[in-house]
Amino acid sequence: MIRYANHFAYIPKKTVIRQGDDRVIHALVCDDYEPIANLITAFLDGMGITVTTAGDGNQALDLVHSLRPDLIISDIDMPGMSGIELFTALRSDATGFCCK
(Lines give C-alpha, C1' and ligand atoms only; values in the text may rest on other atoms or scores of the structure.)
Protein backbone atom coordinates (compact mmCIF):
# COMPACT_ATOMS: atom_id res chain seq x y z
CA MET A 1 0.00 0.00 0.00
CA ILE A 2 1.37 3.42 -0.99
CA ARG A 3 0.05 6.68 0.43
CA TYR A 4 0.26 9.88 -1.61
CA ALA A 5 -1.45 13.06 -0.40
CA ASN A 6 -5.02 12.04 0.41
CA HIS A 7 -5.05 8.81 -1.63
CA PHE A 8 -3.86 5.22 -1.28
CA ALA A 9 -2.65 2.96 -4.04
CA TYR A 10 -2.78 -0.78 -3.55
CA ILE A 11 -1.71 -3.66 -5.75
CA PRO A 12 -3.96 -6.50 -4.52
CA LYS A 13 -2.08 -9.40 -6.05
CA LYS A 14 1.40 -10.05 -7.31
CA THR A 15 1.54 -8.39 -10.71
CA VAL A 16 4.66 -8.63 -12.82
CA ILE A 17 4.73 -6.64 -16.04
CA ARG A 18 7.71 -6.98 -18.33
CA GLN A 19 8.66 -4.83 -21.29
CA GLY A 20 6.92 -6.10 -24.41
CA ASP A 21 4.18 -7.79 -22.36
CA ASP A 22 0.84 -7.53 -24.19
CA ARG A 23 -1.17 -8.03 -21.01
CA VAL A 24 -3.87 -5.43 -20.33
CA ILE A 25 -3.53 -3.75 -16.94
CA HIS A 26 -6.82 -2.83 -15.27
CA ALA A 27 -7.06 -0.17 -12.54
CA LEU A 28 -9.94 0.78 -10.28
CA VAL A 29 -10.04 4.45 -9.23
CA CYS A 30 -12.29 5.26 -6.27
CA ASP A 31 -13.00 8.90 -5.46
CA ASP A 32 -16.20 10.77 -4.59
CA TYR A 33 -14.86 13.98 -6.15
CA GLU A 34 -15.28 13.52 -9.91
CA PRO A 35 -12.60 16.03 -11.08
CA ILE A 36 -9.90 14.14 -9.14
CA ALA A 37 -11.16 10.77 -10.40
CA ASN A 38 -11.06 12.13 -13.96
CA LEU A 39 -7.50 13.45 -13.47
CA ILE A 40 -6.20 10.11 -12.18
CA THR A 41 -8.10 8.28 -14.93
CA ALA A 42 -6.58 10.49 -17.65
CA PHE A 43 -3.08 9.91 -16.25
CA LEU A 44 -3.48 6.12 -16.14
CA ASP A 45 -5.21 6.03 -19.52
CA GLY A 46 -2.25 7.89 -21.00
CA MET A 47 -0.06 5.03 -19.80
CA GLY A 48 -2.27 2.49 -21.60
CA ILE A 49 -4.01 1.26 -18.44
CA THR A 50 -7.71 0.38 -18.62
CA VAL A 51 -9.57 2.28 -15.88
CA THR A 52 -12.92 1.80 -14.13
CA THR A 53 -14.13 4.38 -11.60
CA ALA A 54 -16.21 4.10 -8.43
CA GLY A 55 -17.77 6.97 -6.49
CA ASP A 56 -17.49 5.42 -3.04
CA GLY A 57 -15.95 2.52 -1.15
CA ASN A 58 -19.06 0.32 -1.26
CA GLN A 59 -19.28 0.60 -5.04
CA ALA A 60 -15.54 -0.08 -5.32
CA LEU A 61 -15.83 -3.20 -3.16
CA ASP A 62 -18.54 -4.56 -5.45
CA LEU A 63 -16.46 -3.76 -8.56
CA VAL A 64 -13.31 -5.36 -7.13
CA HIS A 65 -14.99 -8.74 -6.99
CA SER A 66 -16.31 -8.57 -10.55
CA LEU A 67 -13.33 -6.84 -12.23
CA ARG A 68 -10.38 -8.20 -10.20
CA PRO A 69 -8.22 -5.13 -11.01
CA ASP A 70 -4.41 -5.12 -10.96
CA LEU A 71 -4.28 -1.74 -9.20
CA ILE A 72 -6.66 0.13 -6.88
CA ILE A 73 -6.30 3.85 -6.19
CA SER A 74 -8.67 5.26 -3.60
CA ASP A 75 -9.41 8.52 -1.87
CA ILE A 76 -9.12 8.20 1.91
CA ASP A 77 -11.98 10.43 3.00
CA MET A 78 -15.29 9.49 1.35
CA PRO A 79 -18.86 9.26 2.58
CA GLY A 80 -20.07 5.80 3.53
CA MET A 81 -17.06 3.50 3.35
CA SER A 82 -13.73 5.35 3.51
CA GLY A 83 -10.67 4.32 1.53
CA ILE A 84 -9.07 2.91 4.67
CA GLU A 85 -12.18 0.84 5.40
CA LEU A 86 -12.16 -0.34 1.77
CA PHE A 87 -8.57 -1.59 1.98
CA THR A 88 -9.21 -3.17 5.39
CA ALA A 89 -12.16 -5.06 3.89
CA LEU A 90 -10.07 -6.15 0.90
CA ARG A 91 -7.20 -7.41 3.03
CA SER A 92 -9.56 -9.47 5.18
CA ASP A 93 -11.46 -10.83 2.16
CA ALA A 94 -11.87 -14.59 2.49
CA THR A 95 -11.86 -15.10 -1.30
CA GLY A 96 -8.09 -14.64 -1.35
CA PHE A 97 -8.27 -11.76 -3.83
CA CYS A 98 -5.62 -9.76 -2.00
CA CYS A 99 -2.14 -10.74 -0.98
CA LYS A 100 -1.54 -10.89 2.76
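Predicted model: local features only at pLDDT ≥ 70, side-chain atom pairs only at ≥ 80, totals over all residues.
Figure 1. R68 sits in the loop that joins α2 (57–67) to β5 (71–75). R68 is not a glycine, yet its phi is positive, near 50°.

**Figure 2. P79 in the loop between β5 and α3.** P79 belongs to the loop between β5 and α3 (83–91). P79 is exposed, with a relative accessible area of 52%. The cut-off for exposed is over 50%, so P79 falls in that class. Neighbours within four places in sequence aside, P79 is in contact with D32 and D56. G55 lies 24 residues from P79 in sequence. In space, the two C-alpha atoms are 9.4 Å apart.

**Figure 3. Helix α1 and its two sides.** Helix α1 covers residues 34–46, 13 residues in total. From first C-alpha to last, α1 reaches 18 Å, close to the 18 Å expected at 1.5 Å a residue. A37, I40, T41 and L44 are the buried residues to look for in α1. Seen down the axis of α1, its buried residues fall within an arc of 100°, so they line one face of the helix. G48 follows α1 and has a positive phi, near 85°.

**Figure 4. T41 and its surroundings.** T41 is located in helix α1, and T41 is buried. The T41 side chain reaches back to the backbone oxygen of A37, at 2.7 Å. A37 is also among the buried residues of α1. Which residues does T41 touch, not counting those up to four places away in sequence? They are V29, V51 and T53.

**Figure 5. The largest nonpolar core.** This core holds 13 residues. Those with the most contacts inside it are L28, A54, A60, I72, L86 and L90. β3 (26–30), α2 and α3 are the elements that give two or more residues to this core. α2 gives the most, with four residues. L86 touches G57, A60, L61, S74 and M81, again not counting residues up to four places away in sequence. A second, separate core has eight residues, including V29, A37, L71 and I73.

**Figure 6. The whole protein, for orientation.** The protein has three helices and five strands. From the N terminus on, the order of elements is β-β-β-α-β-α-β-α. Of the 100 residues in the protein, 40% are buried. Among contacts with a separation of 6 or more, 67% come from residues 24 or more positions apart. The accessible surface comes to about 6,000 Å². Carbon and sulfur atoms account for 55% of that surface.

Definitions and conventions. Residues numbered from 1 in each chain as written. Heavy atoms only, no water. Expected span 1.5 Å × (residues − 1). Buried < 20%, exposed > 50% of the residue type's maximum accessible area, 1.4 Å probe, protein only. Arc of directions from axis to C-beta. Polar contact = N/O pair within 3.5 Å; in protein donor to acceptor, adjacent residues only side chain to side chain. Contact = heavy atoms within 4.5 Å. Areas by Shrake-Rupley, 256 points an atom, 1.4 Å probe, with all protein chains shown as cover. Core = buried A, V, L, I, M, F, W, Y, C linked by side-chain atoms within 4.5 Å.
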